[in-house]
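Please open the model in a viewer and keep the selection panel at hand.

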Amino acid sequence: MNHQEKLSEDNLTELMEFVLLGFADMPHLQWFLFGLFLIIYIIILMSNGTIFLITKMDPALQSPMYFFLANFSFLEICYVSATLPRMLMNLKTQRRSISLVACATQMCFAHMFGATECFLLSVMAYDRYMAICNPLHYPLVMNHRVCIQLVTGSWITGIPVQIGQTYQIFCLPFCGSKQINHFFCNIPPVLKLACGYTVVNEMWVYTVAVLFVVVPFLLILGSYIKIISTILKLPSATSRSKAFFTCSSHLMVVVVFFGSGIITYLRPNTRHSEGTDKVISLFYTILIPMLNPMIYSLRNKDVIMALRKLLCK
């Protein structure tokens with residue numbers, strides 16, 4: 001009896017921390033990956049920070065679309081900062097351990113920001129739908145108060161759900177391996193380490209994924225179906241091309257972000273490949289935040305003009 005109690009106590013002590021394997025399977029590329037991801041992180045901070053700054057400072061960028069874009073850029077900085085600094089530290093020091101509390105905190109914040117991004121992308125699609133399909137009602141419907149309410153709702157809706165989900169996962173016993181084969185504390189690889197009854201948790205993950213990923217994606221899809229049908233009815237080719245140009249950047253972000261999210265969280269467990277999961281996660285945690293400023297700035301004349309004015313000061 002004493003031996004069993006001692007063994008159980010040892011296991012609990014042992015699993016007060018996890019090990020984030022990250023890219024440990026590529027030992028000769030550690031410094032290269034550190035340099036690469038450090039450059040990417042700096043690009044994300046500077047580019048998203050610049051867009052946030054110019055949308056706040058430039059009088060020409062005070063419409064609802066740019067208000068949402070400013071929030072989106074700030075969100076991308078928060079989102080990438082939930083995962084990338086820890087990965088950079090692990091690559092530099094080769095100390096891959098992460099405490100249980102730190103792992104839970106990272107998981108909670110990463111998924112809160114991910115949920116916010118899903119909702120904010122839906123809001124941005126609704127904004128484009130109103131601007132293109134109901135231009136006469138647009139200034140009345142999308143007034144400043146409504147914009148603040150939509151953004152506030154996007155930020156806070158996922159908080160209680162993700163806190164509850166994280167709490168449920170970390171209430172499970174972890175008595176086997178403590179190695180997380182990922183570069184951050186993502187839900188699927190952490191759940192693999194639990195040795196208790198995880199079916200309820202897995203069903204909860206699927207339910208949250210449907211509500212926070214699939215439902216917003218369907219709302220965005222519905223908005224774009226209406227937008228495309230309205231665009232096709234426009235009389236001139238110039239008007240059609242201008243409307244497509246306005247929405248195409250948002251649509252590119254939506255396809256990559258939601259596509260990678262659906263693959264990660266809605267695939268059956270039997271089809272989860274750890275290597276593939278890491279690559280897919282790089283898309284929605286790092287690639288999208290890096291590409292967003294390029295997509296929105298290089299494809300938007302107003303943003304380019306505001307950037308030129310800022311640089312000429």
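Which residues in α2 meet which residues in α4? Before selecting them, note that this is a predicted model, in which local features need pLDDT of at least 70 and side-chain atom pairs count only at pLDDT 80 or more, while totals for chains, interfaces and linings use all residues. Residues are numbered from 1 along each chain as its sequence is written, and side-chain values use heavy atoms, with hydrogens and water left out.

**First stop: α2 and α4**

Select residues 30-57 for helix α2 and residues 84-93 for helix α4. Helices (H or I, at least four residues) are DSSP runs, numbered from the N terminus. On the α2 side, the contact consists of Gln30, Trp31, Leu33, Phe34, Phe37, Leu38 and Tyr41; these meet Leu84, Pro85, Met87, Leu88, Leu91 and Lys92 in α4. Contact here means heavy atoms within 4.5 Å.

The two helices pack at an angle of about 155 degrees, with their axes 9 Å apart. Axes are lines fitted to C-alpha atoms, for helices over the stretch in contact, and angles run from 0 to 180 degrees between N-to-C directions. That angle makes α2 roughly antiparallel to α4; angles over 145 degrees count as roughly antiparallel and those under 35 as roughly parallel. α2 passes α4 in a left-handed crossing, a term used if the near helix is turned anticlockwise from the far one by less than a right angle.

**Second stop: α3 and α5**

Next, select helix α3, residues 64-81, and helix α5, residues 100-133. Their axes come within 10 Å and cross at roughly 165 degrees, and α3 and α5 are therefore roughly antiparallel to each other. This crossing of α3 and α5 is left-handed. Among the α3 residues in the contact are Phe68, Phe72 and Tyr79, and the α5 residues include Phe113, Leu120 and Met124.

α5 passes α10 in a left-handed crossing.

Now pick out Tyr129, which lies in α5. Not counting residues up to four places away in sequence, Tyr129 touches Asn134, Ser223, Lys226 and Ile227. Tyr129 and Gly222 are 93 residues apart in sequence, yet 9.5 Å apart in space, C-alpha to C-alpha.

**Last stop: the largest cavity**

The structure holds three cavities of 30 Å³ or more. On a 1 Å grid over the protein atoms alone, a cavity is a set of points where a 1.4 Å probe fits but cannot get out; lining residues have an atom within 4 Å of a point. The largest cavity has a volume of about 250 Å³, a volume being the space filled by probe spheres set on the points, which are joined across faces, edges and corners.

To centre the view there, select His111, Gly114, Ala115, Val213 and Tyr265, the closest to its centre of the 20 residues that line the largest cavity. α5, α8 (158-170), α10, α11 (237-266) and α12 (274-298) each supply at least two residues of this lining.

Key:
1 Å grid on protein atoms, 1.4 Å probe; cavity = no way out; pocket = protein on both sides within 12 Å on 5 of 7 lines; lining within 4 Å. Parallel < 35°, antiparallel > 145°, perpendicular 65-115°, else oblique.
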